[in-house]
Amino acid sequence: MAKRWYVVQAYSGYEKHVMRSLKERVGIMGMEDLFGDILVPTEEVVEIRDGKKRKSERKFYPGYVLVQMDMNDDSWHLVKGTTRVLGFIGGTADKPSPITDREADAILQRVNEGVDKPRPKTLFEVGEVVRVNEGPFADFNGVVEEVDYDKSRIKVAVLIFGRSTPVDLEFSQVEKT
């Protein structure tokens with residue numbers, strides 16, 4: 001039978017610890033044939049701090065670890081007996097149900113895309129009001145007209161002398177109000 005993906009709830013902030021513990025326990029118990037991948041779904045995000053681009057990781061689902069496994073009594077006990085594991089999500093406490101292949105594929109695809117193309121930490125929406133914090137229009141408020149995530153640029157309509165003027169700015173030059 002093929003291994004299925006299960007969602008394991010971990011103490012928040014201990015997802016990576018649980019992932020490492022599970023991998024270690026699988027090796028110690030010699031149960032590699034029952035387990036596949038064990039991962040914490042994250043994506044790389046880019047933020048600009050002090051004028052410098054910084055990359056960091058953001059978890060899609062804080063508090064959760066994805067475990068690919070062949071469910072039986074032994075594998076269930078190995079996961080449940082791992083420190084900082086609260087239990088499985090879905091199904092019943094003693095008979096958890098796996099997530100669908102479609103859900104698993106969507107999560108894995110998002111993880112892979114996050115590695116290739118980091119996303120900005122702050123997401124802007126058209127129509128949202130932002131404050132310009134740098135440049136000739138500093139301290140002006142404006143409405144977002146366009147967002148270009150590939151170039152990390154944003155077009156904002158700023159009121160200057162009672163007229164709406166489109167201004168092209170970098171993400172670092174604006175902040176959410």
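**Entry 1: the sheet.** I looked up the strand order and found that four strands form an open sheet, arranged S2-S5-S1-S6 with antiparallel pairing. I noted that the model is a predicted one. Strand S2 (35–39) and strand S6 (85–89) are the edge strands, each of them pairing on one side only. From one strand to the next, I read an average twist of 30°.

Entry 2: I then examined S2 and strand S5 (residues 64–69), which pair in the antiparallel sense over three bridges. Within S5, Leu66 stands opposite Leu39.

**Entry 3: helices on the sheet.** I recorded that helix H1 (residues 15–29) lies across strand S1 (4–10), S2, S5 and S6, and that H1 runs at about 160° to S2. Helix H2 (residues 73–80) lies across S1, S2, S5 and S6 as well, running at about 135° to S6.

**Entry 4: helix H1.** I checked the span of H1: its 15 residues reach 21 Å from the first C-alpha to the last, close to the 21 Å expected at 1.5 Å a residue. Which residues of H1 are buried? I listed Glu15, Val18, Met19, Ser21, Leu22 and Val26. They lie on the same side of H1, because they cover an arc of only 165° around the axis. I recalled the general rule that an α-helix has 3.6 residues a turn, so residues three or four places apart point the same way. What covers the buried residues of H1 includes S1, S2, strand S4 (52–59), S5, H2 and S6. On the face turned away from the buried side of H1, I found the exposed residues Glu24 and Ile28. Just after H1, Gly30 takes a positive phi of about 65°.

Technical notes: Residues are numbered from 1 along each chain as its sequence is written. This is a predicted model: local features need pLDDT of at least 70, side-chain atom pairs count only at pLDDT 80 or more; totals for chains, interfaces and linings use all residues. Side-chain values use heavy atoms; hydrogens and water are left out. Two strands pair if DSSP finds at least two bridges between them. Helices (H or I, at least four residues) and strands (E, at least two) are DSSP runs, numbered from the N terminus. Axes are lines fitted to C-alpha atoms, for helices over the stretch in contact, and angles run from 0 to 180 degrees between N-to-C directions. Contact means heavy atoms within 4.5 Å. The expected span of a helix is 1.5 Å times one less than its number of residues. Buried means under 20% relative accessible area, exposed over 50%, partly exposed in between (1.4 Å probe, protein chains only). The arc is that of the directions from the helix axis to the C-beta atoms.
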